Each structure stands twice: as C-alpha cells, then as structure tokens.
Amino acid sequence: MQTTNKLATLLALLFLSTFPAFAQNESFQMNEIICDLSQPWEIAYGPDGYLWVTEAQNYRVSRINPEDGSQHLLIDLSNNKNFPNYSTPWPQGGLTGLALHPKLFTGQPYVYLAYVFRFDSCQGGNSGCFFKTRRKSVYG
C-alpha cells in the first residue's frame, strides 16, 4: 500500500513539475481596453462577443466592446441599496454576481444579478456586520 502511495505521489509531482514548462511556451498579449471602472467584480464574456462587467461599489452593469473599449451602461442599481458608497461599515462585494442566460439573444433575454442591498446592524467586537443580499432578473 505504501509503495502505491509513493508511486502515485511521485507521478503527481513529476506531472506538476513538467506542467509549468508547457505553460511558459504559450504566447499571450495583454491589452488595456478600459480603465475607469470602479472595482470591476464580475466579468462575463457574452454571446454577443462583448464583456459584461459589474462594478461592485457603483452598482452598475456595463457592456464593453473588447476591440475598442467602448462602454454602454446597461443598468444602474445604486438607488436599490439603503447605505451610501464608501460608508463604514462597507460590505464585501456590493454588486457582485452576474449570469447571462445562454440564449440571451435567441428568445431568453435574461441577465441575473446579485447585490448587497441592505445594512442591518453591526455586533460589538469582532462579530461582524450584517447585510442582506438580493438577486434580480433583468429582462432585455
């Protein structure tokens, strides 16, 4: 049994040690396409070839053309929360989750969002603060 475990460990280490060599031969190009987003949190590559991006603290969703960086604001949910931006305490996230329906442009125009919308309270010490999260379906 120990010989089998040692052999499996040795094979795993051998595989992992050769993996980075393959990755180093990959060719990558980095392009900055937009730089004025406020804490981009979720980025989804849409079926339309655009990047769909949530901005955590601004509570906005934008559609960005990866070719030229042009940005189209789709929805602003900043009025859907009951606390100001950059307040103390601040929840982790803000506008976080984004999911696009696979048939977004062919009969199922649904975009699903998740965001922190309400501050409840903070407990003393290191007990933390409590916020409520809401999900929203946006129909195109």
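Contact here means heavy atoms within 4.5 Å. By that criterion, and leaving aside neighbours within four places in sequence, His-101 is in contact with Gln-108, Tyr-110 and Tyr-112. His-101 is found in the loop between β5 (95–100) and β6 (110–122). The His-101 side chain also reaches the backbone nitrogen of Lys-103, at 3.0 Å.

**Confidence**

The model is predicted. Its average pLDDT is 79. Of the residues, 74% score at least 70. Confidence is lowest in helix α1 (residues 2–23), where the mean is 63. Strand β3 (residues 60–64) has the highest, at 93. Where pLDDT is low, the predicted coordinates should not be read in detail.

**The sheet**

Four strands make an open sheet: 4 strands in the order β1-β2-β3-β4, with antiparallel pairing. The edges are β1 (40–45) and β4, each of which pairs on one side only. From one strand to the next, the twist averages 20°.

**The β3–β4 hairpin**

Strand β3 and strand β4 (residues 71–76) run antiparallel and are joined by 5 bridges. Together they form a hairpin, with 6 residues between the two strands. Gly-69 sits in the turn and has a positive phi of about 80°. Arg-63 stands opposite His-72.

How many aromatic pairs does a search of the whole structure find? It finds 2. Tyr-59 and Tyr-115 form an edge-to-face pair, with 6.2 Å centre to centre and 80° between the planes. Tyr-59 lies in the loop between β2 (51–55) and β3, and Tyr-115 lies in strand β6, so the pair ties together parts that are 56 residues apart in sequence.

Are these two side chains' residues buried or exposed? Buried means under 20% relative accessible area. Tyr-59 has 0%, so Tyr-59 is buried. Tyr-115 has 2%, so Tyr-115 is buried as well.

| Residue | Relative accessible area | State |
|---|---|---|
| Tyr-59 | 0% | buried |
| Tyr-115 | 2% | buried |

Conventions: Residues are numbered from 1 along each chain as its sequence is written. Side-chain values use heavy atoms; hydrogens and water are left out. pLDDT is the predictor's confidence in each residue, from 0 to 100. Two strands pair if DSSP finds at least two bridges between them. A polar contact is a pair of N or O atoms within 3.5 Å; within protein, one must be able to donate a hydrogen and the other to accept it, and residues adjacent in sequence count only if both atoms are side-chain atoms. Axes are lines fitted to C-alpha atoms, for helices over the stretch in contact, and angles run from 0 to 180 degrees between N-to-C directions. Rings of Phe, Tyr and Trp (its six-membered ring) pair if their centres lie within 6.5 Å; planes under 30 degrees apart count as stacked, over 60 as edge-to-face and the rest as tilted. Buried means under 20% relative accessible area, exposed over 50%, partly exposed in between (1.4 Å probe, protein chains only).
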